[in-house]
Structures are given as C-alpha cells and as structure tokens.
Amino acid sequence: MTTNATSTAPGTRLRLDPTKCSGHGLCAELLGEHIALDEWGYPIIAERDIPAPLLADARRAVTDCPALALRLEGAARR
Ligand code: SF4
C-alpha cells in the first residue's frame with residue numbers, strides 16, 4: 001500500500017504480546033510500513049503512533065493475527 005503517512009492517530013500504538021506470537025510474519029506483510037521482522041521472523045513494531053492512513057491496515061493486522069498477539073492501544077483503536 002502506498003500512503004502519504006504525514007499525520008498520525010495520536011496516542012494509537014500497536015502492541016505485541018510476545019508470549020503469544022508464533023512468528024508467522026503475516027502482520028509485517030499487512031503493515032510493512034510499521035512492522036519489521038527480526039532474523040527469526042518475529043515482529044519488531046515501531047515505537048511511534050500509527051500514521052492515520054495506516055489505521056485500517058493496523059486493525060486488519062490485529063484481527064488477522066492467527067495467534068491473537070496484537071492489539072491496538074489508544075484513542076483510535078475502534
Ligand atoms: S501475525 Fe501475529 S503471530 Fe504472526 S508474527 Fe505477527 S504478531 Fe506474531
């Protein structure tokens with residue numbers, strides 16, 4: 001997805017529960033602008049507010065995570 005990510009959803013961040021994550025890497029495919037993978041395929045989530053144009057993709061990453069390891073935290077999580 002190509003975006004002009006100049007604005008953010010203030011206070012909205014993506015959080016990972018590493019005890020649940022099984023390293024599928026799907027989240028990084030859905031939200032590559034905000035999630036990288038480490039050398040073992042586990043996500044590294046950017047420690048910054050989610051750019052507003054990426055909120056829909058962030059919600060999809062949360063709902064599509066097969067391990068339910070992701071959640072949105074903050075004002076725009078719904
Ligand atoms: S999709 Fe879920 S289980 Fe897979 S790497 Fe991302 S957070 Fe972990």
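Student: How many of the protein's contacts between residues at least 6 apart in sequence join residues at least 24 apart?

Tutor: The share is 67%. A contact here is a pair of residues whose C-beta atoms, placed from the backbone, lie within 7 Å. Please keep in mind that this is a predicted model, in which local features need pLDDT of at least 70 and side-chain atom pairs count only at pLDDT 80 or more, while totals for chains, interfaces and linings use all residues. Residues are numbered from 1 along each chain as its sequence is written.

Student: What does pLDDT say about the protein?

Tutor: pLDDT is the predictor's confidence in each residue, from 0 to 100. The protein averages 88, and 86% of the residues score at least 70. Residues 1–5 stay under 50, and for them the model has 10 contacts beyond four places in sequence.

Student: What class does L68 get, and why?

Tutor: L68 lies in that loop between helix 2 and strand 4 too. With 11 other C-beta atoms within 10 Å, L68 is exposed. Its phi is worth a look: it is positive, about 55°, although L68 is not a glycine.

Student: And why is A28 placed in its class?

Tutor: A28, in helix 1, has 19 C-beta neighbours inside 10 Å and therefore counts as partly exposed. Beyond four places in sequence, A28 touches I35, A36, L37 and P43.

Student: What about G25?

Tutor: With 14 other C-beta atoms within 10 Å, G25 is partly exposed. G25 sits in the loop between strand 1 and helix 1. From G25 to P43 is 6.8 Å, C-alpha to C-alpha, and 18 residues in sequence.

Student: How do you know which side of helix 2 the buried residues are on?

Tutor: In helix 2 (residues 55–64), the buried residues are D57, A58 and A61. They cover an arc of only 105° around the axis, which puts them on the same side of helix 2; the arc is that of the directions from the helix axis to the C-beta atoms. A56 and T63 are exposed on the other side of helix 2. The buried residues pack against strand 1 (13–16), helix 1 (26–30) and strand 4 (70–73).

Student: What makes a set of residues the largest nonpolar core?

Tutor: A nonpolar core is a set of buried Ala, Val, Leu, Ile, Met, Phe, Trp, Tyr and Cys residues joined through C-beta atoms within 7 Å. The largest has 12 residues, among them L14, C27, A58, A61 and C65. Helix 1 and helix 2 are the elements that give two or more residues to this core.

Student: Which residues are closest to the ligand, and which classes surround it?

Tutor: The ligand is surrounded by 14 residues, the closest being C21, H24, C27, C65 and A67. A residue is near if its C-beta atom, placed from the backbone, lies within 6 Å. The shell has 10 nonpolar, 4 polar and no charged residues. Ala, Val, Leu, Ile, Met, Phe, Trp, Tyr, Cys and Pro count as nonpolar, Asp, Glu, Lys and Arg as charged, and the others, Gly among them, as polar.

Conventions
Buried ≥ 20, exposed ≤ 12 C-beta atoms within 10 Å, placed from the backbone. Helix = DSSP H or I, 4+ residues; strand = E, 2+ residues; numbered from the N terminus. Contact = placed C-beta atoms within 7 Å.
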